[in-house]
Amino acid sequence: MDSSKDEEVRQWIIKSQRDIKVARILIENEASLLDAVVYHCQQSAEKALKAYLTYQDLVFKKTHDLGVLVEMCSVFEPNFQDLEDMADTLTPYATEFRYPGDIIEPERYEAEEALQMAATVLEFVIKLLPNKFSLDG
């Protein structure tokens with residue numbers, strides 16, 4: 001693998017880890033910002049999946065649809081299909097609470113669930129990548 005690709009994969013993982021960190025900080029310290037928590041959870045999962053696709057040299061279009069990304073990852077590793085339900089739950093958080101609407105933010109249990117799901121996706125991806133990508137950004 002060339003060093004530029006290594007660096008791109010590493011950056012996707014760092015960004016994914018940082019989104020998880022932000023979500024954890026917000027859920028622990030800012031009860032009124034649960035919309036931001038779930039947004040960062042979706043973003044973390046999206047970036048982790050894109051790290052894996054980059055590692056596999058698969059070019060992907062810009063998308064926030066985690067189901068599409070999971071499906072693309074499944075071509076290389078069928079166990080990604082185990083993440084489909086999580087992808088379905090997290091995908092709407094890219095936009096659902098980002099704009100004015102009927103509901104301003106999710107319930108706390110939804111934010112906690114999103115945080116667990118995002119962490120699961122990130123951990124799943126990191127375990128599939130070579131050890132050199134197991135960093136803490």
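This is a predicted model: local features need pLDDT of at least 70, side-chain atom pairs count only at pLDDT 80 or more; totals for chains, interfaces and linings use all residues.

Colleague: Fine. Is E46 buried or exposed, then?

Modeller: E46 is buried, because its relative accessible area is 5% and the cut-off is under 20%.

Colleague: Which side chain does E46 meet in a salt bridge?

Modeller: K50. The N to O distance is 2.7 Å. Both residues lie in helix α2, 4 residues apart, which is about one turn of the helix.

Colleague: And K50, buried or exposed?

Modeller: K50 is buried too, with a relative accessible area of 6%.

Colleague: How many salt bridges are there in total?

Modeller: The count comes to 5. Let me give you two others. E7 bridges to R10, with the closest N and O atoms 3.2 Å apart. E112 bridges to R108, and there the closest N and O atoms are 3.1 Å apart.

Colleague: Where do E7 and R10 lie?

Modeller: Both are in helix α1, residues 3-29. They sit 3 residues apart, about one turn of the helix. E7 is partly exposed at 34% relative accessibility. R10 is partly exposed as well, at 21%.

Colleague: What separates E112 and R108 along their helix?

Modeller: About one helical turn, because they are 4 residues apart in helix α5, residues 108-128. E112 counts as partly exposed, at 41% relative accessibility. R108 is partly exposed at 37%.

Colleague: Switching to aromatics. How many aromatic pairs does the structure hold?

Modeller: It holds 5 aromatic pairs. Take Y52 and F80. Their ring centres are 4.7 Å apart and their planes are at 50 degrees, so the pair is tilted.

Colleague: Which residues do ring pairs link into a cluster?

Modeller: Y52, F76, F80 and F124.

Colleague: What about Y55? Where is that one found?

Modeller: Y55 is in helix α2. With a relative accessible area of 21%, Y55 is partly exposed. From Y55 to A111 is 29 Å in space, C-alpha to C-alpha, and 56 residues in sequence.

Colleague: On to the surface. Which residues gather in the patch of negative charge?

Modeller: D65, E71, D82, E84, D85 and D88.

Colleague: Which helix gives the most to that patch?

Modeller: Helix α4, residues 84-90, with 3 residues.

Colleague: And where is D82 found?

Modeller: D82 is in the loop between α3, residues 66-74, and α4. At 58% relative accessibility, D82 counts as exposed.

Colleague: Last topic, backbone. What is phi of D57 near?

Modeller: Near 65 degrees, a positive value in a residue other than glycine. D57 is placed in the loop between α2 and α3.

Colleague: Is D57 buried or exposed?

Modeller: Exposed, at 55% relative accessibility.

Terms used
Residues are numbered from 1 along each chain as its sequence is written. Side-chain values use heavy atoms; hydrogens and water are left out. Patches are made of residues with over 30% relative accessible area and no salt bridge: like charges are joined within 9 Å, nonpolar side chains (Val, Leu, Ile, Met, Phe, Trp, Tyr) within 5 Å. Accessible areas come from the Shrake-Rupley method with a 1.4 Å probe; for residues, only the protein chains shown count as cover. A salt bridge is a side-chain nitrogen of Lys or Arg within 4 Å of a carboxyl oxygen of Asp or Glu. Lys and Arg count as positive and Asp and Glu as negative; His and the chain ends are not counted. The place of a charge is taken as NZ of Lys, CZ of Arg, CG of Asp or CD of Glu. Helices (H or I, at least four residues) and strands (E, at least two) are DSSP runs, numbered from the N terminus. Buried means under 20% relative accessible area, exposed over 50%, partly exposed in between (1.4 Å probe, protein chains only). Rings of Phe, Tyr and Trp (its six-membered ring) pair if their centres lie within 6.5 Å; planes under 30 degrees apart count as stacked, over 60 as edge-to-face and the rest as tilted.
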